[in-house]
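This report describes one protein chain, beginning with a single residue and ending with the overall fold. The sequence and structure come first.

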Amino acid sequence: MPRFAANLTLMFTEVPFLDRFAQAAEAGFEAVEFLFPYEHPPEAVGERLKAHGLTQALFNLPPGDWVAGERGLAALPDRFEELKGGVETALAYARATGVSRLHLMAGMADRSDARAQDSYRRAVAWTAERLGREGLDLVLEPINARNMPGYFLNDFGYAADLIRELALPNLKLQFDLYHCQILHGDVTMRLRALMPIIGHVQTASVPERHEPGSGEMNDAVLFAELDRLGYDGFIGCEYNPRAGTREGLGWFTPYKGARA
């Protein structure tokens with residue numbers, strides 16, 4: 001039976017961020033994820049996790065100036081030193097939360113640009129090595145161009161090739177079912193082919209990015225396939241509730257307390 005992590009950036013937004021941990025636990029989730037924790041002290045986030053018995057499944061490394069439209073620094077040749085500083089910032093939050101994997105955003109760059117390719121490869125290798133010294137995995141997520149036009153990492157094949165080429169034991173793929181369906185389709189076969197390098201999974205319905213089961217994919221079949229393939233991690237619920245978080249949790253009822 002799959003296990004799910006509530007994404008607190010998108011879910012339970014009816015209350016302030018630090019109050020969402022309690023909401024997720026009360027709704028039956030055993031884990032959470034979010035985009036970024038950096039507006040709050042590491043200790044405050046860690047305390048909420050401990051108080052509500054939650055596991056931190058994932059969060060992103062610092063992305064640069066998010067408000068200004070930056071979506072990561074890895075593919076930006078002139079931002080390597082800033083990226084390295086961001087990794088150290090994230091590690092303080094990793095220690096406070098007990099998270100075991102972090103996501104590195106690639107940034108807004110042309111994937112055909114050789115300098116961007118070299119920058120991305122260097123940043124991924126360096127970050128994976130640095131996280132490896134802390135016992136953490138690094139995950140890379142391809143993101144579709146409809147949601148994030150101009151994003152460097154917009155192809156599952158490119159990500160998989162790089163992960164296999166670098167062959168670092170803690171470098172893995174973040175497989176978002178939503179992004180895969182929009183980018184490539186054939187999600188089940190891609191799951192089967194890429195499972196050996198998958199480190200985290202996320203979900204949302206296609207095309208509107210709402211609750212699982214409300215779009216064109218048979219999400220329950222994909223969840224069962226993940227079980228069959230032996231995926232033992234959390235599935236991050238990175239979706240926008242259609243009409244209130246709790247009102248839309250009917251899909252989650254069959255999975256509550258799956259491994260309690």
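Helices here are DSSP runs of H or I with at least four residues, numbered from the N terminus. By that definition, Gln-181 belongs to helix α6, which covers residues 177-183. The model is a predicted one.

Is Gln-181 buried, exposed or partly exposed? Its relative accessible area is 22%, and buried means under 20% while exposed means over 50%, so Gln-181 counts as partly exposed. Leaving aside residues up to four places away in sequence, Gln-181 touches Asp-186, Val-187, Val-206, Glu-216 and Met-217. Ser-205 is 24 residues from Gln-181 along the chain, and the C-alpha atoms of the two are separated by 9.5 Å.

**Helix α2 and strands β2 and β3**

Helix α2 spans residues 42-51, and its buried residues are Pro-42, Ala-44, Val-45, Gly-46 and Leu-49. These buried residues pack against α1 (20-26), β2, β3 and α3 (80-97). Just after α2 comes Gly-53, with a positive phi of about 65°.

Two of the elements that α2 packs against, β2 and β3, are also joined to each other: three bridges link β2 (residues 31-33) to β3, and the two strands run parallel. Within this pairing, Ala-31 has Thr-55 in β3 as its bridge partner. Strand β3 itself, residues 55-60, is mostly covered, with five of its six residues buried.

**The chain as a whole**

The protein chain contains eight helices and eight strands. Its radius of gyration is 17 Å, close to the 18 Å given by the globule rule for 260 residues, so the chain is as compact as a globular protein of that length. Among contacts with a separation of 6 or more, 77% are between residues 24 or more positions apart. Further values for the whole chain are listed below.

| Property of the protein chain | Value |
|---|---|
| Box filled by the C-alpha atoms, along the principal axes | roughly 45 × 40 × 35 Å |
| Share of buried residues | 53% of the 260 residues |

As for charge, the chain carries 26 positive and 35 negative side chains. The centres of these two sets lie 3 Å apart.

Key. Residues are numbered from 1 along each chain as its sequence is written. This is a predicted model: local features need pLDDT of at least 70, side-chain atom pairs count only at pLDDT 80 or more; totals for chains, interfaces and linings use all residues. Side-chain values use heavy atoms; hydrogens and water are left out. The radius of gyration is taken over C-alpha atoms; the globule rule is 2.2 Å times the number of residues to the power 0.38. Buried means under 20% relative accessible area, exposed over 50%, partly exposed in between (1.4 Å probe, protein chains only). Contact means heavy atoms within 4.5 Å. Lys and Arg count as positive and Asp and Glu as negative; His and the chain ends are not counted. The place of a charge is taken as NZ of Lys, CZ of Arg, CG of Asp or CD of Glu. Two strands pair if DSSP finds at least two bridges between them.
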